[in-house]
Structures are given as structure tokens and as C-alpha cells.
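Take a walk through this fold with the coordinates open.

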Amino acid sequence: MMAAPGKKTNWFAIIISLVVVVAVVGVGALVVTMNNAATAPAEAPAAGVVNEETGGVSLGDGPNVIEEYVDFMCPYCGDYWAGYSDYVSEKVKSGDVTLVIHPISILDNASMGTKYSTRAASAAYCVAETNPDAFYAYVDRLFEKQPAESTEGLTNDQLVEYASQVGAGDAASCIQGEEYADYVAERTPETPLAQGATGISTPTIVVNGEVVSLTLQGPETDLEPLLTK
């Protein structure tokens, strides 16, 4: 009697199974990659004057530390800068103070969709990275040219122009590309809150670890009592 033929291998089913397995593995790898990208920290400016964890840009090396959290569209930040910057800069020059400036963004909704606060803060980081010696002068220029709320703010071309004026022309491509917008967005929620505050406000000033209740009556009233002699 003739032997029964062996069972035929179903190659079609095997190929389909392999394709499905490869597809599942590929989707899984894509999900992992996307999750990692979503949770990865934004790129920080590669500059020694920038603290990557806090976003603070340090100037000077004095024993007292004044930290300023500023939004470049905030009118009160402009008022603070106009009334206090000369005093603070003199303290930095004399070796009494280390000034740490934190460019943040809370007023993007006040620039008619252009996200000026974020763009200006990113531009400040660009200057800190490429020309750290020009950073303070650039911040000063941004407040000098500060746009009003509920306007489009300065254009990226203007931000580049002012950077060039203070000797930071090398930052042009970084400013145009808004390279540190994501970094600004990460750092902004870490702005310290004054006691009783319900949300982030600017300017937020911290002297030797203590959040200042600003009166805007002058640095001798608001800052000097918190400095060590």
C-alpha cells in the first residue's frame, strides 16, 4: 500500500505571520522612540554662563546672589529694569553681587499670536551662548526697545539687528531659528512663587534665596536690606 503523502508546509501563512510580527515590533519601537522624544529635556544653551538645570544666566561672582525672572514683554519688568538695573550692575561690578537672569515667557498670549515673549527669551539665550559678554547689553537693549502688550512685538529680524548692535551678530541663525523656544517653555514653570501667589508673575526677584515683595520704590528699599554687608 502506498504511504500517505506528508503534510504540506503552509508557507503563505508563515510569511503573513512574520510580516505581522515585524510590523508589531516596528510599531513598538516607534512608540518607544516617540515617548522618549516627548520626555527628553529640551536642548540647553551650550554656554558656561548658563545653568542648564535652572536656565539662569550668571554675571559676576559676588557673594550675594540676585536672581531676576523676566519676560521681555512684561511692562513691570521694563519698569523694574529702568529703576533697578544701574544699582544691580554697579553691585556686580564692585564684586558684591552675582546677577542671575532667567529669561521666561508668560505673555505669549499678549503678542497677537507671534509668541514674542518666547522668541525674545530664546534670542537672549542665543546671545548668551554665542557671545556671553554681550548678554547683559542685549537684555538692556530688549528692554530699551520693549514693545507694548497686545502688539506683535519685535520681529526676529529686529531681534537679530539688536544682537548685532551689541556685538552678538554670531547669534543671528540661532535667533531666526528660535532654537531655545522649547527650553524657555521648560524653564518658565519653575519660576518661584511669592508667598500667597496663585500664579507665576514677572518680574520675580530673588535675593539670597528670598523672594522679594517688590514695591518698585527703589533698590534701596527692595534689594539692599537683603544683601549681606
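Is His102 buried or exposed? His102 is buried, with a relative accessible area of 2% (buried means under 20% relative accessible area, exposed over 50%, partly exposed in between, with a 1.4 Å probe and protein chains only). This is a predicted model: local features need pLDDT of at least 70, side-chain atom pairs count only at pLDDT 80 or more, and totals for chains, interfaces and linings use all residues. Residues are numbered from 1 along each chain as its sequence is written, and side-chain values use heavy atoms, with hydrogens and water left out.

Start with confidence. The term pLDDT is the predictor's confidence in each residue, from 0 to 100. The chain averages 87, and 83% of the residues score at least 70. Where pLDDT is low, the predicted coordinates should not be read in detail.

Now the sheet. Helices (H or I, at least four residues) and strands (E, at least two) are DSSP runs, numbered from the N terminus. Two strands pair if DSSP finds at least two bridges between them. Five strands make an open sheet in the order β1-β3-β2-β4-β5, with mixed pairing. Its edge strands are β1 and β5 (210-211), each pairing on one side only.

Strand β3 (residues 97-103) is mostly covered: seven of its seven residues are buried. In a regular strand the side chains alternate between the two faces of the sheet. Val97, Leu99, Ile101 and Pro103 point one way from β3, while Thr98, Val100 and His102 point the other way. Strand β1 (residues 57-59) runs antiparallel to β3 and is joined to β3 by three bridges. Here Leu59 stands opposite Leu99. The pairing of β2 with β3 is parallel, over seven bridges. Tyr69 has His102 as its bridge partner in β3. From β2 the chain crosses through α2 to β3, and this β-α-β crossover is right-handed (with the strands pointing away from the viewer, the path from the first strand over the helix to the second runs clockwise).

Return to His102, which sits in strand β3. Not counting residues up to four places away in sequence, His102 touches Thr54, Gly55, Gly56, Glu67, Glu68, Tyr69 and Val70. What lies further along the chain? Arg187 is 85 residues from His102, with 8.6 Å between their C-alpha atoms. Arg187 belongs to helix α7 (residues 181-187). Arg187 is buried, at a relative accessible area of 11%. With the same exclusion of residues up to four places away in sequence, Arg187 touches Glu52, Glu53, Thr54 and Gly55.

Next, the rings. A search of the whole structure finds five aromatic pairs (rings of Phe, Tyr and Trp, the last by its six-membered ring, pair if their centres lie within 6.5 Å; planes under 30 degrees apart count as stacked, over 60 as edge-to-face and the rest as tilted). Phe72 and Phe143 have ring centres 5.2 Å apart and planes at 50°, so the pair is tilted. This pair links distant parts of the chain, 71 residues apart: Phe72 is in the loop between β2 (64-70) and α2 (75-93), and Phe143 is in helix α4 (residues 135-144). Both Phe72 and Phe143 are buried. Phe72, Trp81, Tyr136 and Phe143 form one aromatic cluster.

Helix α5 (residues 156-165) comes next. Its buried residues are Asn156, Leu159, Val160, Tyr162 and Ala163. They cover an arc of only 165° around the axis, which puts them on the same side of α5 (the arc is that of the directions from the helix axis to the C-beta atoms). Their cover includes α3 (116-130), α4 and α6 (172-176). Just after α5, Gly167 takes a positive phi of about 90°.

Finish with the backbone. Lys115 has a positive phi near 55° and is found in the loop between β3 and α3. Lys115 counts as exposed, at 52% relative accessibility. Ser150, in the loop between α4 and α5, has a positive phi near 65°. The peptide bond from Thr202 to Pro203 is cis, with omega near -5°. Pro203 is in the loop between α7 and β4 (204-207).

How values were computed: Contact = heavy atoms within 4.5 Å.
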